[in-house]
Amino acid sequence: MGFFVEPPFALFCLEDLSTRTLDDLLLTAHDGSFSGWYFYLATASYDSAPKKNPDGTPGPGTQTPIPNSFTSPFVGQSVADVAQWLKQKPDEVSLEPKFFAVLDKKATEGKVVLCRVGDREGKGDKVSCVLEQAKYSSLRLAGMEYGTWEELVHDKGEYKPDI
C-alpha cells in the first residue's frame, strides 16, 4: 500500500497559552525538523491556512513570532472537534488530512500531542493520540510511513489529551 504524508500539519491550541509558549514550541519543533515550518497554528477561518502552490507543492506552516493578539478559537474543544474542522477543510487548503497535532496542558512542559484520524489504512474517523517532546514532534509526523503510527502508539502508549 502506498502511504504519503505531506506537511504542513494543523496545530490546534486547546488551552489558553501565551504567545511566548506558542513561539517556543514552534521554534523547538522547527529546530527539531532541521528544515521546515511543518506546523500551521490553526485559526477559525480556512482563509489564513496554507494553500497549495501553483506547482502543487504545499504552502508553508506558521512561522514565529506569533502576534500578541493571537487567541485560539479552539480553546476548550475536544480532539474530535478539531478533527472535524480538519475534515471539512476546502481542497485548496494545504494541510495533511490524516495527521495533526494539539496543544493541551502538557504544552507548558514542552510537549505536543500528535494525532491520527482513521486506522492503518486511513479509513474511519477514530482519532488516536500520543504525547511527544516538541523537538521531535514535527519530524515524527513528517516521517510517518505505513505502520509507523502503530509502532509509535505501542512504544509511547495512547494518550488522551487533557483539556
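A pocket is here an open set of grid points with protein on both sides within 12 Å along at least five of seven lines, and its lining residues are those with an atom within 4 Å of a point. In this predicted model, the largest pocket is lined by 21 residues, of which Phe4, Val5, Glu96, Pro97 and Lys98 lie nearest its centre.

**Pockets**

- The space in the largest pocket comes to about 240 Å³, and its lining divides by class into 11 nonpolar, 2 polar and 8 charged residues.
- The second largest pocket holds about 210 Å³ of space, and the residues that line this pocket are Ala80, Ala83, Gln84, Leu86, Lys87, Lys89, Pro97, Lys98, Val117, Asp125 and Val127.
- Helix 2, which spans residues 79-87, gives the most to the lining of the second largest pocket, with 5 residues, while the lining of this pocket as a whole has 6 nonpolar, 1 polar and 4 charged residues.

- Strand 3 (residues 99-103) is largely enclosed by the rest of the structure, because 5 of its 5 residues are buried, buried being a relative accessible area under 20%.
- In a regular strand the side chains alternate between the two faces of the sheet. In strand 3, Phe99, Ala101 and Leu103 point one way and Phe100 and Val102 the other way, with all of them buried.
- Strand 1 (residues 9-13) pairs with strand 3 in the parallel sense over 3 bridges, and within strand 3 it is valine 102 that stands opposite phenylalanine 12.
- Strand 4 (residues 111-117) runs antiparallel to strand 3 and is joined to it by 4 bridges, with arginine 116 of strand 4 standing opposite phenylalanine 99.

**Helix 4**

- Helix 4 covers residues 148-156, and its buried residues are Trp149, Leu152 and Val153.
- The face of helix 4 turned away from its buried side carries the exposed residues Glu151, His154 and Asp155.
- The elements that cover the buried residues of helix 4 include strand 3, strand 4, strand 5 (127-133) and helix 3 (134-142).
- Just after helix 4, glycine 157 takes a positive phi of about 90°.

Definitions and conventions. Residues numbered from 1 in each chain as written. Predicted model: local features only at pLDDT ≥ 70, side-chain atom pairs only at ≥ 80, totals over all residues. Heavy atoms only, no water. Buried < 20%, exposed > 50% of the residue type's maximum accessible area, 1.4 Å probe, protein only. Helix = DSSP H or I, 4+ residues; strand = E, 2+ residues; numbered from the N terminus. Pairing = 2+ DSSP bridges. 1 Å grid on protein atoms, 1.4 Å probe; cavity = no way out; pocket = protein on both sides within 12 Å on 5 of 7 lines; lining within 4 Å. Points joined across faces, edges and corners; volume = space filled by probe spheres on them. Nonpolar A, V, L, I, M, F, W, Y, C, P; charged D, E, K, R; others polar. Contact = heavy atoms within 4.5 Å.
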